[in-house]
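Please look through the sequence and the structure shown below before reading on. The paragraphs that follow lead from the arrangement of domains to the sheets inside them, and then to individual residues.

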Amino acid sequence: MLELLQQGFGAVFSLHIMLLMVIGVAVGIVFGAVPGLSATMAVALCLPLTFTMGPQAGLSLLVALFIGATSGGLISAILLKIPGTPSSIATVFDGGPLMEQGHGVKALGVGIVFSFLGTIFSIAALMFIAPQLAKVALRFGPHEYFAIAVFSLTLIATLSAGSMVKGLFAGALGFAVSTVGIAPVEAIRRFTFGVAELNGGFAMLTVMVGMFAVAEIIKLAESGRHAHQSKAQAVSMKNIKGFGFSLKEFREQLPNAGRSGLIGLGIGILPGIGAGTSNLVAYIISKKRAKNPETYGKGNIGGVVASETANNAGIGGAMLPLMTLGIPGDTVTAILLGGFLIHGIQPGPLLFISQGPLVYTIFAALIMSTVLMLFMEFYGLRLFIKLLDVPKHILLPIILVLCVVGAFGLSSRLFDVWSILLFGLLGYLFVKAGMPAAPFIIGFILGPMAETNLRRGLMLSDGNFGAFLSNPIAAAFLGLALVFILWQVVSALRSKKSLVNEILRT
Amino acid sequence: MATTKKKELLIGIAMLGASLGYLLMTIQLPRHNGIDAAFVPSLLSAMLCLLGVLQLLSVRNCTQAVTEYHPDGEAEVAGGSDIKTVVKTLALILGYIALLNPIGFPIMTVIYLYLQFIVLTPLDHRVNHLVYALIAVVTSAITYLLFREAFDLMLPSGLLPF
Amino acid sequence: MKKTIRASLLSALVGMAAIAAQSTAFAADEVNWPTRPVQVVVIANPGGDTDFNARMMAKYFNKITGKNMVVTNVAGGGGTLAAEQVKGAAADGNTILFTHTGQLIVNEVAGLSDDSFEAFDIACIAGVDKGAIFVASESAEVKTLQALIDKAKANPNSVSYGTEMGSFSHIQGLMFEQLAGVKLKMVDAGTVSEKVVALLGGRIDLGAISYGSVQDYVTGGQMAALGQPNSERNALLGDVPTFKEQGVDFTIDKPYVVAFPKGTDPAIVAKMAGIMQQITETPEYAEELKKSFKQPVAYHGTEEAIAVLSKTREDFMQYKDVLRNK
């Protein structure tokens, strides 16, 4: 194995491939950092370029893009409070406040380092225990997926800072918005009003870009002209050494990072859900387990650690079923699958045997890209901070233009561009009404998963609901969901302040 | 705190309104025996309506000031909300998207950026027309060429012949 | 520093694009088309068989005409979004729909679209996917088609067939049911990869899946290949027998269709059909299809293509009520 890996590194270290990977990571970081452009888009747009390359070069480039883009999302999430990709939504919750308190560099440093560790951790899992893990993923069917979706949906309650009613409403509304389009399982059109454009429903990216980026511009319009300083908070690079955080802080975050890495890897392995979900779940669990959960959302580096470790751990997670079973774990790996196929390579259980050298070249490319990502982001840190010297009234309109490009790029139609305006308005109304946006996004992502798998599960068990409880994994998750709800109610009742609130509000 | 109460009431009404709208649309879905495509929307409508009602009830019971949750406290920025700028910004984005196809991405982006920069310029800043125009043109050109040439993303060219 | 990085990035990207889009100029034929980049709207995401066929067409189109053909992926809404986009585009020959019968016809049958293929000007059939096979999972405990039919006949509604309701694979299943005289339990199992997981996990018994996706599992014995629904054996699928050989007259394949918006100049449509024919006669093109998706070259001109589509539509329409859940 060591020998194969050595060969893999040998292949990757050729000038041609190294150059491609450097470009790939850099372009990936840009795609990740710019709201509206995502990892999926980076890989999709570059896939055709790899047609003319050999499989080693082509796949190395795609892998580099994947890693760069997954990590790059943290930059705008922290600096601008706009997640660059759906994988970095939870990074905003604590990265944004840290930035406002002048700890932007520290937040970025933490995000970069734990992105790196998360990725390396998942690549190690991919290299050493892939076949065993892949077998576990096979056990997950509709019943299990439904239970996981329900469990994750109940976590919304934790994110409902302020009014619980509004948080739950936002979640249910997100779920409701996701029901627009062709219904899962049964081919009928729902809530489309005969408009063919609505058949596919709303794209996740337009919802996110609208709720965060466009809403941010409207907020700026509301207050920016009267604000005394239009520039974002100045961040001093003086007195900042290395990544801007201490070894003690690093050690304190290790348990959190370990947990989040496992969550990211676990969710990444399951086909159909990926980093977009795992960063939120890891964040919530990290908050629940923290000694000081009340500081989450107000600038705790633990929040950044959880989100960034989890989303990057999803990379190895998503690659795992692809390389061992030939099954893509998310949208990016679905495109990577195409990258294999055009070179006549079919990923599957025999890939490690029939294409050993290529497999190890990919491993080497993954590791190299991760290291490149760390270096580029470390040295780029000073560059990213410079972004803040651009006044917001210049920066945000340019970001809006890029969001328009990104939305249009989803499937070359203006409908998606209109969607970002629609969700921008909704996001702005949410802010005005004191309604949190995060539950809406979670409802929107997990809703379809819950519904589709409910319907599929019922089909498999001939309409019998009991099958969800007789299935051990599903029953465990549903049980956890129930425990979680009870816990939420009990802890709400226990704290006196919340008690008053609870009675008043419900 | 009459204003807070009034605002919360308004939010409650909006919530209930949206819920009822969704409920109404759900009722019109075609049904068949067993669990069908209207099952989950029905559950959701019920939940949304219930939460809307709870919000209204909480406003009624709310006799004292409730500390409002503001995700980033920006709503309270000194100087109050500048509705005029918000409306102008929305109109600009609306116009930008509406004319994107007929006029084309390159031209519309320049116009939008230039105007949006001016609209958003803080009151204590000078509007520098030349710099604004330059940034707008450069951004538009780079974005258009990069995506069209390197990534084959056919952004609408509109009036331009290429 | 920032600027130099950006600039070098930009030049690198542009350079890469230039290499990818290298083209040779050709003299224009009778119609002055194409005059600018032609956009081909594909109903699927990048990476799949449909996308690959479209990109191969685009690649050789560039070589033959010297003009760029740009692939735009418009997945979603079961192909209705792409169809709608092309239908609404100007009929100037600069927008082309690349679809297959699994969406162009099935959507109408399933009631997801109100348009039939006649809402477009069909140019040709650019290829035919003959890669699907029926596989049974290990837990189904059937190794041959006959064993499956016997099992299904003994216990109707017990053998589960994984499909996406209202899609092409649903029709494949329904057609098989009818021709083999069995009753299967139709369950929704999602996309191809989700079906593979369900088969491996033993949650479904039977599925119609492209050979490439399950090849390793058939070799490894975790799945049994029951048959290929082609009229003659597709040699690229190993030694999987056809249904016909095994006494069930069941054939179904998935032609890829090239279509223009209604009202396009017939000369342009004819020229496109001609270019496609020229492409299919290129040996390298055949080699690439074979290597990647185990697909033999196939081509039908305009008249033939319309005949094939009409016949397919007629065949599929008998399952209209089932697909529409009535």
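**Domains, sheets and single residues**

In this predicted model, 16 residues of domain 1 of chain C are in contact with 13 residues of domain 2 of chain C. On the side of domain 1 of chain C that touches domain 2 of chain C, the elements giving two or more residues are α5 (106-110), α11 (283-293) and α13 (320-323) of chain C. The residues of that side of domain 1 of chain C comprise nine nonpolar, two polar and five charged. As for the bounds, domain 1 of chain C consists of 28-130 + 254-323, while domain 2 of chain C covers 132-246. Taken over C-alpha atoms, the centres of the two domains of chain C are separated by 27 Å.

We now turn to the sheets of chain C. In which order do the strands of the open sheet that contains β10 of chain C lie? The order is β2-β1-β3-β10-β4 (chain C), five strands with mixed pairing. At the edges are β2 (69-73) and β4 (120-129) of chain C, each of which pairs on one side only. From one strand to the next, the twist averages 25 degrees. Within this sheet, β1(C) and β2(C) pair in the parallel sense, over five bridges. One residue pair may be located here: C:Gln39 has C:Val70, in β2(C), as its bridge partner. Helix α3 (residues 80-87) of chain C packs on the sheet and touches β1, β3 (95-100) and β10 (254-261) of chain C. The direction of helix α3 of chain C makes about 150 degrees with that of β3(C).

Another open sheet of five strands has the order β7-β6-β8-β5-β9 (chain C), and its pairing is mixed. Its edge strands are β7 (185-188) and β9 (223-227) of chain C, each pairing on one side only. Here the twist averages 40 degrees from one strand to the next. Strand β5 (residues 132-137) of chain C pairs with β9(C) in the antiparallel sense over four bridges. In β9(C), C:Ala224 is the bridge partner of C:Ala136. Helix α9 (residues 211-220) of chain C packs on this sheet, where it touches β5, β8 (206-210) and β9 of chain C. The direction of helix α9 of chain C makes about 115 degrees with that of β8(C).

Some details of the backbone also deserve attention. In chain C, the peptide bond that joins C:Trp33 and C:Pro34 is cis, with omega about -5 degrees. C:Pro34 lies in the loop between α1 (2-20) and β1 (38-42) of chain C. In chain A, A:Phe191 has a positive phi of about 50 degrees although it is not a glycine. The loop between β2 (189-190) and α10 (204-223) of chain A contains A:Phe191. A:Phe191 counts as partly exposed because it has 19 C-beta neighbours inside 10 Å. Phi is also positive, near 55 degrees, in B:Asp152, a residue other than glycine. B:Asp152 is found in the segment after α5 (129-150) of chain B. Why does B:Asp152 count as buried? B:Asp152 counts as buried because it has 21 C-beta neighbours inside 10 Å.

Finally, A:Val177 lies in helix α9 (residues 164-178) of chain A. A:Val177 has 21 C-beta neighbours inside 10 Å and therefore counts as buried. Leaving aside neighbours within four places in sequence, A:Val177 is in contact with A:Phe202 and A:Phe444. The C-alpha atoms of A:Val177 and A:Gly443 are separated by 8.8 Å, although these residues are 266 residues apart along the chain.

Key:
Residues numbered from 1 in each chain as written. Chains lettered and ligands numbered in written order. Predicted model: local features only at pLDDT ≥ 70, side-chain atom pairs only at ≥ 80, totals over all residues. Buried ≥ 20, exposed ≤ 12 C-beta atoms within 10 Å, placed from the backbone. Contact = placed C-beta atoms within 7 Å. Domains from an automatic or database assignment. Nonpolar A, V, L, I, M, F, W, Y, C, P; charged D, E, K, R; others polar. Pairing = 2+ DSSP bridges. Axes fitted to C-alpha atoms, helices over the stretch in contact; angles between N-to-C directions.
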